[in-house]
Amino acid sequence: MEKTIETMDLMIGYRRRASGYSGSIMRRINISTVSGELLVVAGLNGVGKSTLLRTMAGLQKQVDGKIFLCGKSIFDYSRNELARTISFVSTEPVNVPYLKVFDLAAMGRYPHTGRMGRLSMEDKFRVLDALELVGLRAMAFRNVDMLSDGERQRVMIARTLVQDTPIVLLDEPTAYLDIPNKYEILALLQRLAHQQNKTIIYSTHDLSLAMRTADKVWLLSNSYIYEGAPEDHDIQTAVQELFAGSHLDFNRITGEITPETHLYGEVAVFTKNDPGRIRNAIARLGYHCILNSKTPVDNLPNITITIRKSTTEITYAFNSEEMQFSSFYELGSYLRKNPPPVPASTLQSETAENTKSNVDRKPKTPRPPKAAPKTEPEKETKLETVTPDELQETQEMELL
C-alpha cells in the first residue's frame, strides 16, 4: 500500500525573527501514513500537535529532516500541485464581512479551475454537495459573519471537501462543535477515509474520542511520537503513563478516561432492566454493585430497581429503613446525605486497592517508539407568495 505521508528524521520548531531557531519542539520524527485511514494526533497542550500538522502541510518550514507526500519530496511540489495534494483546516476563525457561505466553501475549488479561476457547473454542484454533507446547504447564501463558531468550522470542513485532495489535515476540527455535530463530523471523516480512500489526519485533546474512532494514533508525549492502533500495547502504555500521578483512570477496554471515584461501600441491586446502565449509575455514586443475588444480602443496602417506558421505581431497604424513589437522581441525593456504614471488609479491600494503585501510578521512564525505516440566523425578507424552500431553490438556480 502506497505511503501518502512519510517523514525521515524530521525536526519541527519555530524560527526566531532575527536568525536561527528558538529551539526544536520535537526531533527525529519517523512516521508514515497510508491511504484509506483515519489518523488522530493526540497529546497535551503545547506538545506540538499543531506544529506537526502545519509542517506536514507545507505551511511552516521544518528545522531539519525530510517530508514525502505520495512518494515525492514536499520541496518538489509547485504551490498549485501541493494545493491539489494536501488540504488543511486550522482553528483560526474566518470572519470576513459580506462573504457568503457558498463563496467561502467554493475557495476550495480554485486549485482545479485554471488561470481564470471560474467555477464550472460541476464545481458549483460540488460546493452545494459539500455543504449538504456538513448540514449547511440551507445557509449557503448567508453571510459568514452571521454564523456561530461551530457553523463556521463546518464551512471550513466543507471547503476542504470541495478541494478534493488525497490528504486532509485538520487541526482541532471538533473544537467549537456541539456534541451531535462533533460525532456527525467524525463519522463523515471516517466515511471519507474508508470509502474514498483518503488519508485524513486530525488533532484533538479528546483522547477518549480518539481511542474510539481512529484507525491509527500518533500520541505525542515526552518528545516522542508513539504510533499504532488504539489497542496496541505501546499506545495503551503511553496513555497510562500520560496520566500517571493524576486522579484519572484509563479504561483499556473502552478507551474512556474518567475521574477516579472514591469507593464508599457495597450495595445489592435487584433488577431485570438494563443491568449495564444500572451498574454504571451505582459505580458513579461510589458503590460496588452486587447484582441480582438470589436472596437479599444481610448488612448491605438492598436496592430494587424497575424501569418502565416512562417511569423508574426504586426501592431502597437497609436494616429497618425503606425508601421509595422515582429517579436515579433522587437515589444519589439520598445516598450522598445518608451514606450507609461501610463494612470492614470493604475498607480493607479499598485500602489494598489504593496501595496497589499508588504503586502503579509511579511515573515510569517513557520508552521511545520503535525506530521507523527511513449567530443568530440572518433575517430574510419573506415574500408573501414564495416559501423559504422556493427562495433557496431560486437562489441556487440563479447561481448555476
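Ground rules first. The model is predicted, so local features need pLDDT of at least 70 and side-chain atom pairs count only at pLDDT 80 or more, while totals for chains, interfaces and linings use all residues. Residues are numbered from 1 along each chain as its sequence is written, and side-chain values use heavy atoms, with hydrogens and water left out.

The overview. The protein chain has twelve helices and 18 strands. These are DSSP runs, numbered from the N terminus: helices are H or I with at least four residues, strands are E with at least two. The chain has 400 residues, and 43% of them count as buried. Buried means under 20% relative accessible area, exposed over 50%, partly exposed in between, with a 1.4 Å probe and protein chains only. The accessible surface is about 22,500 Å², with 51% of that belonging to carbon and sulfur atoms. Those areas come from the Shrake-Rupley method with a 1.4 Å probe; for residues, only the protein chains shown count as cover.

Now helix α4, residues 121–133. From first C-alpha to last, its 13 residues reach 19 Å, close to the 18 Å expected at 1.5 Å a residue. That expected span is 1.5 Å times one less than the number of residues. Which residues of α4 are buried? Asp123, Lys124, Val127, Leu128, Ala130 and Leu131. They sit on the same side of α4, because they cover an arc of only 160 degrees around the axis. The arc is taken from the directions from the helix axis to the C-beta atoms. Just after α4, glycine 135 takes a positive phi of about 75 degrees.

On to the cores. A nonpolar core is a set of buried Ala, Val, Leu, Ile, Met, Phe, Trp, Tyr and Cys residues joined through side-chain atoms within 4.5 Å. The largest has 53 residues, and Leu131 and Val134 are among those with the most contacts inside it. Apart from it lies another core, of 26 residues, including Leu10 and Leu169.

Last, two asparagines. Most residues other than glycine have a negative phi. Asparagine 197 has a positive one, about 60 degrees. It lies in the loop between α6 (179–195) and β9 (199–204). Asparagine 197 counts as partly exposed because its relative accessibility is 46%. Asparagine 299 also has a positive phi, about 65 degrees. Its loop runs between β15 (287–291) and β16 (302–307). At 67% relative accessibility, asparagine 299 counts as exposed.
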